[in-house]
Amino acid sequence: MNRQSDKITALYCRLSRDDELQGESNSITNQKSIVEKYAKENGFKNTKFFVDDGYSGVSFTRPAFMELMELAEAGKIETIIVKDHSRLGRNRLVVGQLLEEDFVRLGVRYLAIMDNIDTKDGLSDFLPVQDWFNEMHAKNTSKKVRAVFQNKGMSGKLTDERFDTMSANYEAEQKSLKEAVAMLRNEIEAQDDKTSNVLAFVKKVKRYTEIKELTPATVNEFIDYIMVSKKQVIDGKTVYPIDIYYNGVGIITAPSAEEYEGMFQERLKQKRTKEPKTA
C-alpha cells in the first residue's frame, strides 16, 4: 500500500485542434510551464506530467487521461493540477460526475489554477454554470472549425486574411464569454450577500419581542441612517418625508392603510375562531 507521500501529483495538460486557434496561451509548452511552476511553489511532490495533445475536451477517452484515472482507481494519485478548468474537459455532465463523485470517492484533490478552483475548499455553486459555458464554447468552436475546413476544401486554400479574421472573432468570443462568467459570478455573490444581510437583520429582530421605547442602543442596532427630504405641503400641512435605512436590508416598505386594515380583520377572524364556544 502506498504511503501518502508516495502518491503522484498529476500535472494534466490537454490541447485540441480548436484550442490551437488561441495561439501560445493554451499550448502544451505553456500549460506545462504554468502547472509545474505552481506545483513547485506550493510544495507538491512526486509530480508527473500527463499530456493529451490533439484531443477534444468533449471526449474523455484520451490516452493520458485514461492512464491518469487508472492510477487514481489504484490509489496512486493524490492531486490533479490543470492550468484552467476547461483542460479537464468540456462535457458538463462528465466533469460534474468527476468532481462531485469520482474524485471524492478516490480521495483525489483537484486544482484548476487560472479559475481558482480547489476541491479541498469545496465546490462553488457557480461551477455548473462555468461547466455549461465550457461545453457551449466547444460546440460553437467545433462548428466554426468545420466551416473553415469546408471552405478550404471548396476553394483549395484558406487565405491568411480569412484565417486572421476568424482568429480575431474567436478571441473576441472568448473575451465575451469570460466577461459573462465574471458578471454572473458577481451577481451570485451579491445575492448571497443580500440573503446573509436579511438573515442577520431577522436575527436581531427576534431578540426583541416588544419595543416600548426607542433608546439610543435600539436605534443603533436597527437603523443605519435616516434621510430627510425637502419639505412638502400636503393638504395645507408642511411635512418632511423621511426614508429610514435599516442595517443590512435598506428601506423596508410598510404596508398601506388598506393592507393594515385587512391584516387587522384577518387577525380578529383568527382570534374568534380560536376562542372556546360557550353554551
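Predicted model: local features only at pLDDT ≥ 70, side-chain atom pairs only at ≥ 80, totals over all residues.
Q: Which residues have the most contacts inside the largest nonpolar core?
A: Phe 50, Ile 77, Ile 80, Phe 103 and Tyr 110. That core has 25 residues.

Q: And which elements give two or more residues to this core?
A: Strand 1 (8–15), helix 2 (63–73), strand 3 (77–82), helix 4 (92–106) and strand 4 (109–112).

Q: Which of them gives the most?
A: Helix 2, with six residues.

Q: Back to Ile 77. What is Ile 77 in contact with, leaving aside neighbours within four places in sequence?
A: Lys 7, Ile 8, Ala 10, Phe 50, Leu 68, Leu 71, Ala 72 and Val 108.

Q: What does the second, separate core include?
A: Cys 13, Leu 15, Ile 28 and Val 35 are among its nine residues.

Q: Switching to helix 4. Which of its residues are buried?
A: Val 95, Gly 96, Leu 98, Leu 99, Asp 102, Phe 103 and Leu 106. Phe 103 also belongs to the largest nonpolar core.

Q: Where does helix 4 bend?
A: At Leu 98, by about 40 degrees. Leu 98 is one of the buried residues of the helix.

Q: How does the span of helix 4 compare with what it should be?
A: It agrees. At 1.5 Å a residue, its 15 residues should span 21 Å, and the end C-alpha atoms are 20 Å apart.

Q: What caps the N-terminal end of helix 4?
A: Asn 91. A side-chain oxygen of Asn 91 lies 3.1 Å from the backbone nitrogen of Leu 93.

Q: What follows helix 4?
A: Gly 107, with a positive phi near 70 degrees.

Note on methods. Residues numbered from 1 in each chain as written. Heavy atoms only, no water. Core = buried A, V, L, I, M, F, W, Y, C linked by side-chain atoms within 4.5 Å. Buried < 20%, exposed > 50% of the residue type's maximum accessible area, 1.4 Å probe, protein only. Helix = DSSP H or I, 4+ residues; strand = E, 2+ residues; numbered from the N terminus. Contact = heavy atoms within 4.5 Å. Expected span 1.5 Å × (residues − 1). Bend = angle between axes of the 7 residues up to and from the residue. Polar contact = N/O pair within 3.5 Å; in protein donor to acceptor, adjacent residues only side chain to side chain.
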